[in-house]
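Subject: Structure handover

Hello,

The structure you asked about is below. My notes on it follow, arranged by region so that you can read them with the model open.

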Amino acid sequence: MLNSLRAIVQAVAAASDFSHAVGVLVRDVRSALGVEVCSVFLKDRHSDRLVMVGNEGLADNAVGQAILEAGQGLVGQVAKRAEPINLDNAPEHPNFHYIPQIDEDAFRAFLGVPIIHHRDVLGVLVVQQRTARRFDEAEEAFLVTLSAQLAAVVAHAQATGDVDALTNENFDRRNACFQGVAGSPGIAIGQAVVLKASADLAAVPEREAEDVTVELMLFDRAIDAARAEIEGVGQQLASALPPEELALFDVYLHMLDDAAMADDVRNRIRRGQWAQGALKQVIFEHVGRFEEMDDTYLRERGSDVKELGQRVLSHMQDMRRRKQHFPDNAILVSEEVTPSMLAEIPADKLAGVVSMRGAGNSHVAILARALDVPTVMGAIDLPIYQVDGSQLVVDGFYGEVITEPDERALRRYGELMEAERGFNTELESLRDLPCVTEDGHRLRLWVNIGLVSDISRSLDRGAEGIGLFRTEVPFITSDRFPTEQEQRALYREHMEAFEPRPVTMRTLDIGGDKSLSYFPIVEENPFLGWRGVRVTLDHPEIFLVQVRAMLKANEGLKGDLRIMLPMISSVDETLEAKALVEQAYAEVLDEGLNVKTPLVGVMIEVPAAVYQARALAREVDFLAVGSNDLTQYMLAVDRNNPRVAELFRETHPAVITALRDVARAARAERKPIGICGEFAGTPAGAVLCMAMGFDVLSMNATNLPRVKWVIRNIKRREARTMLSEVLKMGTTAEVDRYVREQMTELGLGRVLPSHASD
Ligand code: PEP
Ligand code: MG
């Protein structure tokens, strides 16, 4: 049974489209169970009716003809009760509903099981037989298991519109709405540009060539394409590069024309290896030979060979890939958008971003917010390779992607964009006004930063300091650890731009979903693994270089340097890291530089730190809550996983209580407290944190003017009343509803974005 189950699931998954998949399903189930009839009914989500979309064994016209109202017939009952019905004589059952066109009253034995995905009944799978007999337990278990495995396929087809196409004759694919999660606020209309992750030779599997001639042709074409590309780039850069750099292009061309290497690949293909595998073998053998050489120059040629191999591979992997030309208003779409992809599209052309993977607090979403680009994350059902080049609407407020919008949709989204633009222009006038409540309570609004391009945007929006410099960003976009000099120059640029405002430098926070290509960390459970300060305490050479660079960058400036430690989970780690900061400070003084003592603080990002907030506060100069990780760890919800994105809620009563407790602990130790997670940049988060007594809210530059507007239009007293009510609530839904209502009542509804259907 297990084998036929697996075979059916695989055959269904391999079908060219959903309607074929349904055909394969009914055919294979019928033969696996040796029954006379197998049918699939799917729910038309607009009418709730169950429509037969696939059948093997009944009259040819049954498909599309058999339609049952909700609850009607045995099939309707299976869907209504959300459990199987197994009968030996179906026509005698009071719920049996006779449909003349399909003539099924000759079939007595009936077994129907629901197809359920995430609690939703999507349809019913039915088998029938003439003989009056009850299907045995093994048959029932088989069908239930199969249905559970197929549910994800049906759910995906429903989200892509494939189910609608089968259940509804008049279905129009335009304006299909794909749900993801909000990544970065705003609405964008533009043309989809689908980018794939770059080719990786190491990831190529070895396997047999299906057709040697085709593989040989593929290889030769890829070589030609790589040659043309290298010649083109060489010509383009001829005037910009010195001759010794340009010589590299000749080296590449020479290697490509080297018959020995190419023939080696061809021979392996002729012996049966597919082209990608043969290329990988030959390249790695050559690289290995170069790496063994004593001469440094020759050793480095190994990396040229590898680079060349990657180029040929990428042409092979996508022979049709056109030379990327980015349209105006490009919407970057990818299975998993990476920070380097964001950098690939010129900023003036990038209008929006859609990633199938990741969620609202993934680091790519955070970067997109810093860039002010409307973004939807976790759009798992979007058929990305079909939308390439077509028009899309990205609703970054509600996490929706609309494909092929019609005139009406374009008008509606255009109006919303216009209203947003108007509000943003109004907010510009707040730039130089203080962030103070109507009853005079002053709050600091700082900015989270990671890219140099954030500097002017942050200052333009009135940031009063940097509350979080994500120093890992320059590490991620480099191909080796940046040197002390490089780091110092980069940090200095930020500090000078913000002078005399305070600048909070977080020490390197890698691990989890932030990896460095040149320092891979492979773990089963990376979010509970070697992350943040755990890595840098184990590598003092990295930590010390970074801290020295921070201290030196601050030389001669008035603005406070605040060094912040990520992922602290104990007092011991704090003391160890502080000792290293002191060591670096002494070293810099020894070098004769006149630098100020930095302030040192810890991030509160894990539950252990919440419970030890007072003990930690005693040891440091400030606390800052990283509510993204704190929410992830409090609620045990992966911040990157779109499947549980709905559960990632900073307004969960447990998270709110934790924030309140940390604020109390800091106050008890008379230490300043800030919050630099994304919650700080939401209207609700800003109001509640202000009421809790947070001194600093640090957020992306995009959200800053809105938060300032909210704070300037509310009294601290009102915020405190809201907080005390919220603290009595037991569910996230209650909190969200109440905060929304209160904000609307207080006249703050403008910061709550409208939806296209409003
Ligand atoms: C956080 O976890 O809230 C935080 C600010 O750090 P990051 O998002 O970079 O992990
Ligand atoms: Mg964090």
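In which helix is the place of Lys708? Lys708 sits in helix H26, which runs over residues 704–712. Before going further, please keep in mind that this is a predicted model.

**Lys708**

Is Lys708 buried or exposed? Its relative accessibility is 3%, so Lys708 counts as buried, the cut-off for that being under 20%. Outside the four places on either side of it in sequence, Lys708 is in contact with Leu430, Arg431, Leu433, Cys435, Leu445 and Gly462. With Leu430 there is also a polar pairing: a polar atom of the Lys708 side chain lies 3.0 Å from the backbone oxygen of Leu430. Ala497 is 211 residues from Lys708 along the chain, and the C-alpha atoms of the two are separated by 21 Å.

**The ligand**

There are 16 residues around ligand 1, and those that come nearest are Arg470, Arg506, Glu605, Asn628 and Arg639. By type, the shell divides into seven charged, five polar and four nonpolar residues. Helix H12 (363–371), strand S16 (466–470) and helix H23 (627–635) each supply at least two residues of this shell. H23 gives the most, with three residues.

- Arg506: a polar side-chain atom lies 2.8 Å from an oxygen atom of ligand 1.
- Asp629: here a backbone N or O atom is involved, at 3.0 Å from an oxygen atom of ligand 1.
- Arg639: an N or O atom in the side chain is 2.8 Å from an oxygen atom of ligand 1.

Taken alone, ligand 1 exposes 290 Å², and the protein buries 100% of that.

**Asn640**

Asn640 is placed in the loop between H23 and helix H24 (653–668). Because its relative accessibility is 16%, Asn640 counts as buried. Which side chains does the side chain of Asn640 join in polar contacts? One is Ser362, at 2.4 Å, and another is Asp513, at 3.2 Å. Setting aside neighbours within four places in sequence, Asn640 is in contact with Gly358, Ala359, Ser362, Asp513 and Phe527.

**Met567**

Met567 is in the loop between strand S18 (561–565) and helix H20 (571–590). With a relative accessible area of 1%, Met567 is buried. Beyond four places in sequence, Met567 touches Asp509, Arg531, Gly532, Val533, Arg534, Glu573, Glu605, Val606 and Tyr633. One of these, Glu605, is also among the residues that come nearest to ligand 1. Arg531 is 36 residues from Met567 in sequence, with 7.1 Å between their C-alpha atoms.

**Nonpolar cores**

The largest nonpolar core has 107 residues. Which of its members touch the most other members? They are Leu623, Leu659, Phe694 and Leu697. Leaving out neighbours within four places, Leu697 is in contact with Leu443, Arg444, Leu445, Trp446, Ile675, Ala680, Ala686, Cys689 and Val707. Apart from this core lies another, of 35 residues, among them Val9, Val12, Val26 and Val154.

**Backbone points to check by eye**

The peptide bond from Glu499 to Pro500 is cis, with omega near 0 degrees. Pro500 is in the loop between helix H17 (484–498) and strand S17 (503–506).

Two residues have a positive phi although neither is a glycine. Ala82 has a phi of about 55 degrees and lies in the loop between helix H3 (73–81) and strand S4 (85–87). At 35% relative accessibility, Ala82 counts as partly exposed. Glu404 has a phi of about 40 degrees and is in the loop between strand S14 (400–403) and helix H14 (407–427). Its relative accessibility is 43%, so Glu404 also counts as partly exposed.

Regards

Conventions
Residues are numbered from 1 along each chain as its sequence is written. Chains are lettered from A and ligands numbered from 1 in the order in which they are written. This is a predicted model: local features need pLDDT of at least 70, side-chain atom pairs count only at pLDDT 80 or more; totals for chains, interfaces and linings use all residues. Side-chain values use heavy atoms; hydrogens and water are left out. A residue is near a molecule or strand if one of its heavy atoms lies within 4 Å of it. A polar contact is a pair of N or O atoms within 3.5 Å; within protein, one must be able to donate a hydrogen and the other to accept it, and residues adjacent in sequence count only if both atoms are side-chain atoms. Accessible areas come from the Shrake-Rupley method with a 1.4 Å probe; for residues, only the protein chains shown count as cover. Helices (H or I, at least four residues) and strands (E, at least two) are DSSP runs, numbered from the N terminus. Ala, Val, Leu, Ile, Met, Phe, Trp, Tyr, Cys and Pro count as nonpolar, Asp, Glu, Lys and Arg as charged, and the others, Gly among them, as polar. Buried means under 20% relative accessible area, exposed over 50%, partly exposed in between (1.4 Å probe, protein chains only). Contact means heavy atoms within 4.5 Å. A nonpolar core is a set of buried Ala, Val, Leu, Ile, Met, Phe, Trp, Tyr and Cys residues joined through side-chain atoms within 4.5 Å.
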